Amino acid sequence: MNNLVSFQNLQKELIKKNFSIIQSPLSTGQNNTWLLIVNTQIIYIAALRTQHIVSILLHHTGKFSKLECGKIASHRRNAPRQTPNAHQSYPTDLPAGRAGFLEDRSVYLDYDGKTISHSYSIGCPQGSNSGPLFWLLIADEALKIDFEQDVKLLAYADDFYLFIASTGKQHFQAKVTRAMEQLDLWSGKSRVSFAHEKTRLIPFAKKGWYKHPPYCSYAGKSFKLERNLKMLGVILDDRLNGLPHIEYTGEKMLRILNRLTIAKHKRGLSGKVLKVLYKRALERILVYAAPAWWRGTVNQKNRLSSIQRKVLLAVTGAFRTTSTVALQVASGIEPIDLVCDLESAWYDIKKNHAYLTLYGTRVEGSKMEVAESALTHPSTWTTVQWDKCITNSDLTIFTDGSKIESQVGAAFCITSETDSQEHLFRLSDHCSVFQAEAVAIQEAIKWRNKHRPQSICHIHTDSLSVLLALQNHKISHHLIHRIRSHLDGNINLHWVKAHIGIEGNEAADRAAKEAATKDMVDVPLGIPQNSIKRQLKDLLVSEQNKRKWPIHPWYFPTSQKI
């Protein structure tokens, strides 16, 4: 089809215009873990209010094969224009997508010198990646339905999750009926139907679990009751203890491990290779979406430890009577419960940017630098060019960053026909060398744009990582985004090798080391994400060491006892 708008371009336009569907769990940047946490939070909030709650999983039929182009086009025509304060309107930049995707759609067949065509206005073409996104345009109408109190609808991809809370089990049927009637009105307008035979219901009691759970039905068909419901790859049980999910992932992982064990004995697969496969694949299966189901209970720890023990025996080849702690030490593999703690802590810090306490140590997550998602259209991307030449011109600048004795500094040196200057900046002590190198380039560009905006400038740096980051079109670091926003055609970037006697580079290096010794911080920045990860990893290792060598009173000499 001509002028078919790509999934990425249309998705960027929707986010840029603050389309209402982006405010839902369908939004870009939210993963399965986030949606699972949202689901469990809804259940916990209902329990705090002493309410029962049921979760109903709804499936659609014909969402792609019966998707009518005219329906989408009518949504587009009837949608309000985008205003500065509007958050629920269609983007105004979709004419090309509508013209290419929704109008004049035909199938052509060339055979024996003849061309046969057939026009159609329903369904998505095979292999179309824009089809699912157009489905979201239709599904967004369902998310705008004004349900009664204690009824909430969430959506992810092509599934709907309906949560209904009530103070008594006897009220569920009436609330379910009213909510389903509202959804049926939407499905009738959108010409999409629900597969009620695939609908699943899982109940959650306000205290404990249901011995006699409520049953609900609609249109003469009962919803199938489930104690465990698979949601986005995680087994959600009615007790929310996570044990059914651990059993499920454990069986899945052990099936793979059995194959690897056979390969170890028959094909000579070494223990080192098996360890790498475990860390890269099997462990990821076990800790998938851990922040959503990990509670750190004794039952969870024991079950995970027993699953990991089979891997440790396969990696080390030790006897079955060997203790689990000894196997962990011999293999160099961290306890799986500590890995789950690490995954949950990092997710909490990354999403909430709040401090937390892990193993008695405070982690300053609130001071972590925030990644900027610079969402730009691909047509606006400009390629950043750099080379390995040393160029002398009217304005030549050398930049460098340095970290000495936990103090960080950045500097740039200017050499021109008229004068030479040095500009020094001290950064926060927790900053990385990458940040220092980026700050040096950023400040050099700012100085040039302020004092010599018309001059052709050549900036030399020995930081290859910063130059490569500038060439990446997916920019997440705020410093890199700022540097790119200040670049123009008169600024040329060059990479030079460090510490080989280049005069300008050596001068910038001395200035950066001098900047690190300044008394006051000139450029305060957040803690790098890698530093937070390293701190969490160090806490995990420290906690594991306590398990290796537990401290008991009888370990000390008699003279040291009180």
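Visitor: Where does Thr 50 lie?
Guide: This is a predicted model. Thr 50 has a positive phi of about 55° although it is not a glycine. At 46% relative accessibility, Thr 50 falls between the limits of 20% and 50%, so it counts as partly exposed. Its place is in the loop between α2 and β1 (52–58).

Visitor: How many helices and strands does the protein chain have?
Guide: Of the 562 residues in the protein chain, 45% are buried. Among contacts with a separation of 6 or more, 70% join residues 24 or more positions apart. The secondary structure of the chain amounts to 17 helices and 21 strands.

Visitor: Why is the pair of Phe 160 and Trp 186 described as it is, and which class does it belong to?
Guide: The count of aromatic pairs comes to four. For Phe 160 and Trp 186 the ring centres are 5.6 Å apart and the planes meet at 45°.

Visitor: How many residues apart in sequence are the parts tied together by Phe 160 and Trp 186?
Guide: Phe 160 belongs to strand β6 (residues 159–166), while Trp 186 belongs to helix α6 (residues 172–190). The pair therefore ties together parts whose separation in sequence is 26 residues.

Visitor: Are Phe 160 and Trp 186 buried or exposed?
Guide: Phe 160 has 0% relative accessibility, and Trp 186 has 6%. Both values are under the 20% limit, so Phe 160 and Trp 186 count as buried.

Visitor: Is the pair of Phe 412 and Phe 425 stacked or edge-to-face?
Guide: Phe 412 is in strand β18 (residues 407–416) and Phe 425 in strand β19 (residues 420–427), so the pair ties together parts 13 residues apart in sequence. Phe 412 is buried at 1% relative accessibility, and Phe 425 is buried at 15%. The ring centres are 6.0 Å apart and the planes are at 20°, which is under 30 degrees, so the pair is stacked.

Visitor: Which residue does Arg 362 lie over?
Guide: Arg 362 is 3.6 Å from a ring centre. It lies over the face of Tyr 355.

Visitor: Which element gives the largest share of the lining of the second largest pocket?
Guide: The second largest pocket has a volume of about 450 Å³. Its lining has 20 residues, with Glu 369, Phe 434, His 477, Gln 529 and Asn 530 nearest the centre. Two or more lining residues come from each of α13 (433–451), α15 (478–486) and α17 (529–548). The largest share, five residues, is that of α17.

Visitor: How many charged residues are in the lining of the second largest pocket?
Guide: The lining comprises 20 residues. By class, seven are nonpolar and nine are polar, and the number of charged residues is four.

Visitor: Which element gives the most to the lining of the largest cavity?
Guide: The structure holds three cavities of 30 Å³ or more, and the largest has a volume of about 90 Å³. Its lining has seven nonpolar, two polar and two charged residues, including Leu 36, Asp 237, Trp 293 and Arg 295. At least two residues come from each of α2 (32–48), β13 (234–237) and α9 (290–293). The most, four residues, come from β13.

Visitor: Which residues is Leu 464 in contact with, leaving aside its neighbours within four places in sequence?
Guide: Leu 464 is found in helix α14 (residues 464–471) and counts as partly exposed at 35% relative accessibility. Leu 464 and Glu 437 are 27 residues apart in sequence, with their C-alpha atoms 9.8 Å apart in space. With neighbours within four places in sequence left aside, the contacts of Leu 464 are Trp 386 and Trp 495.

Methods: Residues are numbered from 1 along each chain as its sequence is written. This is a predicted model: local features need pLDDT of at least 70, side-chain atom pairs count only at pLDDT 80 or more; totals for chains, interfaces and linings use all residues. Side-chain values use heavy atoms; hydrogens and water are left out. Rings of Phe, Tyr and Trp (its six-membered ring) pair if their centres lie within 6.5 Å; planes under 30 degrees apart count as stacked, over 60 as edge-to-face and the rest as tilted. Buried means under 20% relative accessible area, exposed over 50%, partly exposed in between (1.4 Å probe, protein chains only). A charge sits over a ring if NZ of Lys or CZ of Arg is within 6 Å of the ring centre and within 35 degrees of the ring normal. On a 1 Å grid over the protein atoms alone, a cavity is a set of points where a 1.4 Å probe fits but cannot get out, and a pocket is an open set with protein on both sides within 12 Å along at least five of seven lines; lining residues have an atom within 4 Å of a point. Grid points are joined across faces, edges and corners, and a volume is the space filled by probe spheres set on the points. Ala, Val, Leu, Ile, Met, Phe, Trp, Tyr, Cys and Pro count as nonpolar, Asp, Glu, Lys and Arg as charged, and the others, Gly among them, as polar. Contact means heavy atoms within 4.5 Å.
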